[in-house]
Amino acid sequence: MDLYEHQARQLFDRHGIVVPRAEITDSHKEAREIARRLGGRVVVKAQVKTGGRGKAGGVKFAADPAAAELTARQILGMDIKGHRVGTVMLAEPVAVEAEFYVSYVLDRAHGRFLAIASAEGGMDIEEVAATRPEAVARVPVDPAEGVTASRAAEIAEAAGLPARAVDVLVRLWQVLVREDALLVEVNPLVRTTGGQILALDGNVTLDDNAAFRQARRGAETDGHTDPLEAAAAARGLTYVRLDGEVGVIGNGAGLVMSTLDVVAGCGARPANFLDIGGGASAQVMADGLGVILSDPAVRSVLVNVFGGITACDAVAEGIVRALDTVRLTRPLVVRLDGHNAARGREILDARRHPLVEQATTMDGAARRAADLATAA
């Protein structure tokens, strides 16, 4: 489960990572009062579960309470990459001397965590990672050993972070472990002109499998859910929206996660996680395709199914029937493997839909879907 920024900041504060004072609201009128309580000058930030808010106009400075009300009015209701802004956070501004990037992320391929850090944080960190990868340190972390002060010092030195960031690295690891997180990220971590180290923004993904240990999560969520996730939930689909352009449908969480990794390895970004489980009926496929095609960011769709309890010919029948009810507007790549895969491929070939093509391997299907998405 992805957290909103204000929820991530609450976790940071709970574990001793310093964050500027802030409050949230869904009312532009209340924004004026919050700004007054925070000293007048504030940064107004859209609370949506996606990146790129600043470049989309979802993060703005307000010089006084009246400007804070006006700015909140402008941001509330905005659409940022398909996410409607229902809440804004007003935070104290700080005088920034330098920006850094730090995170811990699960490295599934190697059964460990990876510390990723850079002395060049901020909005352009993705460009830095792409154009100058040497500026981003990637340090493996053994889960059994964790991040001690000495290990944190090694990470800080590798990334060129100031010595004062070592304590933050230790505490950020504590957030990851104690909150059952799969990802914790601070971007930017800043040094103020007064020499203080602060977390200005946070990104946290919690492991849903550990929900039984984290009873407070219900109190940390709010009613402003992504509309596509809400639509999928209403249809009984296991769907999570991501920030990409290749829609993904698979049967089984493990297979879907592997598919996401392979798509990313082919140079594209997955647009979602959608697990249809063992039921690939026509209605399930129609519902799944309908949700994915409603995402304007999607440029191609990949269906990756391994036939087991549900045979591939039944999956193919479901796809064919779904195509009769859902208007396919983007290319669909299908990979069927396992029980009755040959028969399933024949059924799809017989349908002869101009936007549907098949691949025999997961790598081949992901590569084709990625090529179609990036060429669109």
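What follows is a chat about how some features of this predicted model get their labels.

Me: Why is helix 9 called oblique to helix 13?

Reply: Look at the angle. Helix 9 (residues 253-265) and helix 13 (residues 362-375) have axes that cross at roughly 55° and come within 9 Å. Roughly parallel needs under 35 degrees and roughly perpendicular starts at 65, so helix 9 counts as oblique to helix 13. The crossing of these two helices is right-handed.

Me: What makes the contact between helix 9 and helix 13, and how do its residues divide into nonpolar, polar and charged?

Reply: Helix 9 brings Leu255, Ser258, Thr259, Val262 and Val263, while helix 13 brings Met362, Asp363 and Ala366. Sorted by type, the contact of helix 9 with helix 13 has five nonpolar residues, two polar and one charged. Asp is on the charged list, and Asp363 of helix 13 is part of this contact.

Me: What makes helix 5 oblique to helix 6?

Reply: Helix 5 (residues 149-159) packs against helix 6 at about 120°, with the axes 8 Å apart. The perpendicular range stops at 115 and roughly antiparallel needs over 145, so oblique is the label for helix 5 against helix 6. Here too the crossing is given a hand: helix 5 passes helix 6 in a right-handed crossing.

Me: Which residues meet there, and how many are nonpolar, polar or charged?

Reply: From helix 5 you get Ala149, Ala152, Ala153, Ile155 and Ala156, meeting Val166, Leu169 and Val170 of helix 6. The tally for the contact of helix 5 with helix 6 is eight nonpolar, no polar and no charged. Ala, Val, Leu and Ile are among the types that count as nonpolar.

Me: Why is the Tyr104 and Trp173 pair called edge-to-face?

Reply: Two numbers settle that one. The centres are 5.4 Å apart and the planes sit at 80°. Pairing asks for centres within 6.5 Å, and edge-to-face asks for planes over 60 degrees apart, so both tests are passed. The model has two aromatic pairs by this rule.

Me: Why does that pair tie together parts that are 69 residues apart in sequence?

Reply: Because Tyr104 lies in strand 7 and Trp173 in helix 6 (residues 165-178).

Me: How do you know that strand 7 pairs with strand 8 and with strand 10?

Reply: Count bridges; at least two are needed. Strand 7 (residues 96-107) has eight with strand 10 (residues 181-192), in the antiparallel sense. With strand 8 (residues 112-118), strand 7 has seven, also antiparallel. Strands 7 and 8 form a hairpin with four residues between them, and Gly111 in the turn has a positive phi of about 60°.

Definitions and conventions: Residues are numbered from 1 along each chain as its sequence is written. This is a predicted model: local features need pLDDT of at least 70, side-chain atom pairs count only at pLDDT 80 or more; totals for chains, interfaces and linings use all residues. Side-chain values use heavy atoms; hydrogens and water are left out. Axes are lines fitted to C-alpha atoms, for helices over the stretch in contact, and angles run from 0 to 180 degrees between N-to-C directions. A crossing is left-handed if the near helix is turned anticlockwise from the far one by less than a right angle, and right-handed if clockwise. Contact means heavy atoms within 4.5 Å. Rings of Phe, Tyr and Trp (its six-membered ring) pair if their centres lie within 6.5 Å; planes under 30 degrees apart count as stacked, over 60 as edge-to-face and the rest as tilted.
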